[in-house]
Each structure stands twice: as structure tokens, then as C-alpha cells.
Amino acid sequence: MTASAVDVKAPEQAPPPAPAPGRRRRFAVHFAHYKWLYLLLLPGVVYFAVFRYAPMYGVSIAFKDYVPFLGVNGSPWVGFQHFEDFFANPDFGRLLGNTLILAFLSLGIVFPLTIVLALLLNEVRLSILKRTVQTLVYIPHFLSWTIVASLSFLLFALDFGPLFLFINNVLGTDIDFLSDPAWFRPLIVLQEIWKNTGWGTIIFLAALATVDQDQYEAAIIDGAGRFRRVWHITLPGIRSTIIVMLILAIGQMLNTGFEQIYLMTNALNRSVAEVFDTYVYFVGITQGAYSYSTAVGLFKSLVGIVLIFGTNALAKRFNQSGLF
Amino acid sequence: MKIHNTTGGRIFDAANYVFLTGIGVLTLLPFVYVFAGSFATEAEITRRAFFVWPEQFSLGAYEYIFSTPAFIRALVTTVLVTVVGTVVQLILTVTMAYPLAKRNLRGRQLILSLVVFAMVFSGGMIPTFLLIKDLGLLNSYWALILPAAINPFSLIIIKNFFQELPAELEESAKMDGATEVGILWRILLPLSKPVLATFALFYAVGIWNDFMSPLLYLSDNSKWTLQMYLRQVTASSDLLGTGNVDPNYIPPEQGIKFAVIVVATLPILIFYPFLQKHFAKGMLIGSVKG
């Protein structure tokens, strides 16, 4: 560190002259000047090369028959064999269905609820109440899915959980919510609501804060009530935010949270619980079908990329026209 | 539907306040129940369907878990991995962000594009798993730390933060003969303390909560983290999915589940006020510049 004191004085004068116009030589001079900066950069670059880009190269095993002792490079190519196997597999339709149903439940229930909660919070003038409720509903976002699942296991525990007893009492039934396949999706949606609706309001509340207050005054003078003001001023005011968030959510549709689904999956509800992410885990990690599961994961990523770019194109169109 | 800001408006306000208070209480209720249950006797938990205050106060569940070697090991492991992981993430992110904040550094644009590309595309679960396996990191705690050592989003936010600091600060330090590393250490880091503290908190929460990495990379159950232990304790054995479960495991009494959940949740709740102070701002910065 002490030695570098010498070259720090130079950078102001040195780069411009560049006596020999050779690109390589100029870079060498530049590099010598900034060697400490490049040295600082090195660990990060190594990190990205090893932990981000090497796995991307590793995706090539989706087109190979991966044999551990032959490695990624040595394993023989098989082309699209794994993809053909996957599409021909009866699992495919089931996984696609399960994934899409969960995705649409999330878009159709959790997403609107987030906006409703934000609108209700926005109507609160008592700032202490608003802040207290916000503080409370943000908390679950910071808890792990393991804790959310554990709480669910306790609350819905057979013959013992408070919610098990309460709901079954009200309905006059005897449902085991944790193992009944029909209750898997409601449970997942409920967890998602509890964990993420509060947190999701942040972005909408920020957008709501930017809505022009003069319009409200004008509307009050025109005799508009609370609901009319929300409908005609507030909602149009955050329309672009809603569209952008919706499009982002569509782009993430296939990313049903692995941890959440995995934790709530059991032998009895597997038929409705299994989605692409958990399938990749079970087939790849527990059964060792590395190439096949990589192909499944790659298929999911490709569909995800199409969704991201498709919705991005849509977003641009919405932004330009500004119309719903 | 024409409701003026008079009677109707007041009714709406009242209903809204009651509803939102209800939402807040409902959010909190599972914690209160679990917290109360962790201090109750086993008999009370089985007898009373729901309670927020135990009739008979008992530390039995905590005495049990804190005398269980597997639990102590998981707790200590998780604390260590969280601390080391947070420090590693901070160091790697800052050392990479600082050079990238220098606009005249050659190769900067290329590296930045590669970072952004890595935000969108990833190798996925299996290729990453095979990499960890080939590196010999299976059943090593480094497998919980290294794969996520730099978050591209925070890297770019911290880079932007460095970039926005006044350039005069650095220039005057250079006049005084400070080195690049010296400028980072003596000038930029003290200035970015609040920002880095925020990121440190978020990193720590992320590592503490991580379930997927230990599930994938730690098959040796003597190395399990708290989240893995928690899952094993709380999922009744007949409901567990396949894979990564200790076959010799005997399910515990209910009260113990409550206590383990409390221990896994408490650190988050303790740090929550500090998180809350910063996250709204942080999230907005992220959404604007991400």
C-alpha cells in the first residue's frame, strides 16, 4: 500500500500522452496506473466467472448425457433427447398445469389484494394507525419460508391446530388441510397473502404519494365522494405503476417459489403440488438425472425469458400510448 | 355510490380503521400464539385450542432444546455462517463496486454488461449444484456463502452510490498523496457506513433465512443450519417430502416446535426496526436504478 503512493501522483498527467499509439501498449500503461483498482476488481470478476458464468456453461449438459467422471466437457452429446423425453412424459402436462394454476391464483388474488390494501392504507389520515399497520404487515416478508411453513403446520395441525379446529367447526367438516390435495392451493395462496401482500404495498404507496392533490380538491368541489375520487383520480394516477408491476409479475409467472412449494409438498398432495422447480430438484438432486433435470430447468428458463421479453415489449407499448 | 366526506365518509373511515387494525392483528396473531405456546406446558397446548397467554408458565421447551446438541449445533452454525457470509458479501461487493465506479477505468463497461447479464440469466439449480460438487464444496459451509457472495443488484446500487459521491473528495485526497485503496478505506467507506449497514442487514437476513442452499449442499445432517433443523422438527414425519431427512429421527413434543420457531424468528424481529428504517428507501433506489 505504501509503494502505491508513488503511482497515484501520475494519473493526471500520464494517460493523455500515450507515446506509442499501439492499443496494447496504451492499455499496458493504463493497467499499470490502475493496477490497484484492477487488483480490487479481481475477486469479484473471479466470483462472476466461477459462480455465475461457469453454471451457464454447465447448462450444456441439457444436450448431453452427463456422466460425472467424464465431466461437462467429456460427456457425449445427445441433442434434444431430454427435451423430447420431457414433452412426451405424462409429468409434463401435470407440471405445466400446476405451475400455471398457482401462477394465475397469485396474479388473480394476491396481486389485486396488494393494490386494495395499499388503497385502504392510503385513505387512512390517522398517521399513527397507518404507520403501525404498515410496520406489522411488512414483518412477514422478512421471515423465511421455513418459518411460514412451520407456522402453517402448527396452525393447521390435525386434531390440534387452532385453524384446523376453527374452520372444521364452522364448516362442520373434518378436513386435514395439510394433506388434502384440494386444500394445497388455498394454503399456498394464504401463505403468500400473509407473507407478501403487506410488503407489496410499498411500491403502490410510493406511487399513491405522487398523485396530484389538487385534483382531489377540484373533485371535492365538484361533489365527488370518496369512492368516486378513488375510482376517477387515485386509480388512474397509479395506473402506470399497476401495469408495470403486473407485467413484471407475468414475467416471473413460472417462478413459483421453490422453497415455499417444497416445504408444503408431501406424499399425499404431490399430484397438485409439484411444479417445475420442485420437479427439477426431485428428479435431479434426489434421483441423479442431472441432464434430464437440467433440460427441464432450461425449458422453464426459456419460457420465462420469452415471457420477460414479451411483457417488456408490451410495457413499452403501454408506456408510449399511455392507454389501458 | 355518491358518498361525501360527511357521514358516509366517516362511516367508511371507521370501517377502514377497524378493518386495517384487524389485518394488523391477524398478521401478528400467529407469532403471539407461537410465543405464548413456547412458554406453556405440553398439557396446556394439547388442551387449549388457542391462547395468547399461558395459564401455567413453563420453560420446559427451551430447557429441552438448549440441552439438545443438534439444536445448539444448528444455532451456532447458523450464527457463524450468517456473520462470515455477511462479511464476505460486504467485502466482495465493495471491492468490486469501487473500481466499477471509476468512469475512466478500461474494461469497466464490459464487466458491467456481464454483471447485468448475470441478473437475467443463470445456470439454474442443477448446473450450480454440479459446480459446487466439482469444487468439492458439498457439505462445506462455504457452499452456503460463496454461490451468492455478490448480489448483482446491490453491487450496482453500491457502485452508483460511490459514483454519486462528490469527486472533489477523492481529488483532494489524491493531492494529499492518498492511494486508491487508501481513498476507499479512509474516505469512501466512512461515508457509506449507513448504506453498507443497510446492505449488511439484508445480507444477514438472507443468509439466516436461506433454506435452499443447505437443502441442496448439506446432506450431512450434523452440519444442518437452523432452518433445516426447524423443518425437521415442525413437519410431522408422515408429511415430510422425500429427500434429505434423517431416518433415525423421532418427532418431538408440540411445545418444542413452538420454541424452535421462536428462536428462529427472534433475531429477525430484533433487527426488524433497523431494517424498517432503511428498506423503503433502499427498495426505491433499487427499483429506479436496478
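From the N terminus on, the elements of chain B run α-α-α-α-α-α-α-α-α-α-α-α-α-α, that is, 14 helices and zero strands, where helices (H or I, at least four residues) and strands (E, at least two) are DSSP runs numbered from the N terminus. This is a predicted model, in which local features need a pLDDT of at least 70 and side-chain atom pairs count only at pLDDT 80 or more, while totals for chains, interfaces and linings use all residues. Residues are numbered from 1 along each chain as its sequence is written, and chains are lettered from A and ligands numbered from 1 in the order in which they are written.

### Confidence

The model scores ipTM 0.88 and pTM 0.87. Chain B averages a pLDDT of 86, with 88% of the residues scoring at least 70; pLDDT is the predictor's confidence in each residue, from 0 to 100. Within chain B, helix 7 (residues 142-145) has the highest confidence, at 96, and helix 14 (residues 254-289) the lowest, at a mean of 77. The pLDDT stays under 50 over residues 238-243 of chain B, for which the model has 13 contacts beyond four places in sequence, and it is also below 50 over residues 284-290 of chain B, a stretch with ten contacts beyond near neighbours in sequence. Two residues are in contact if their C-beta atoms, placed from the backbone, lie within 7 Å. Where pLDDT is low, the predicted coordinates should not be read in detail.

The contact takes 83 residues from chain B and 83 residues from chain A. Helix 1 (residues 7-38) of chain B gives the most to the side of chain B that touches chain A, with 14 residues. That side divides into 51 nonpolar, 25 polar and seven charged residues, where Ala, Val, Leu, Ile, Met, Phe, Trp, Tyr, Cys and Pro count as nonpolar, Asp, Glu, Lys and Arg as charged, and the others, Gly among them, as polar.

Leaving aside neighbours within four places in sequence, A259(B) is in contact with S38(B), A61(B), Y62(B) and I65(B).

### Helix 1 and selected residues

The 32 residues of helix 1 of chain B should span 46 Å at 1.5 Å a residue, and the end C-alpha atoms are 46 Å apart, which agrees; the expected span is 1.5 Å times one less than the number of residues. A kink of about 35 degrees lies at L28(B) in this helix, shortly before the proline P30(B), the bend being the angle between axes fitted to the seven residues ending there and the seven starting there. Among the buried residues of helix 1 of chain B are P30(B), V34(B) and S38(B).

A residue is buried if 20 or more other C-beta atoms, placed from the backbone, lie within 10 Å of its own, exposed if 12 or fewer, and partly exposed in between. S213(B), in helix 12 (residues 212-217) of chain B, is in contact with A143(B), L144(B) and P147(B), leaving aside neighbours within four places in sequence.

| Residue | C-beta atoms within 10 Å | Class |
|---|---|---|
| S213(B) | 22 neighbours inside 10 Å | buried |
| N139(B) | 13 other atoms within 10 Å | partly exposed |
| D159(A) | 10 other atoms within 10 Å | exposed |
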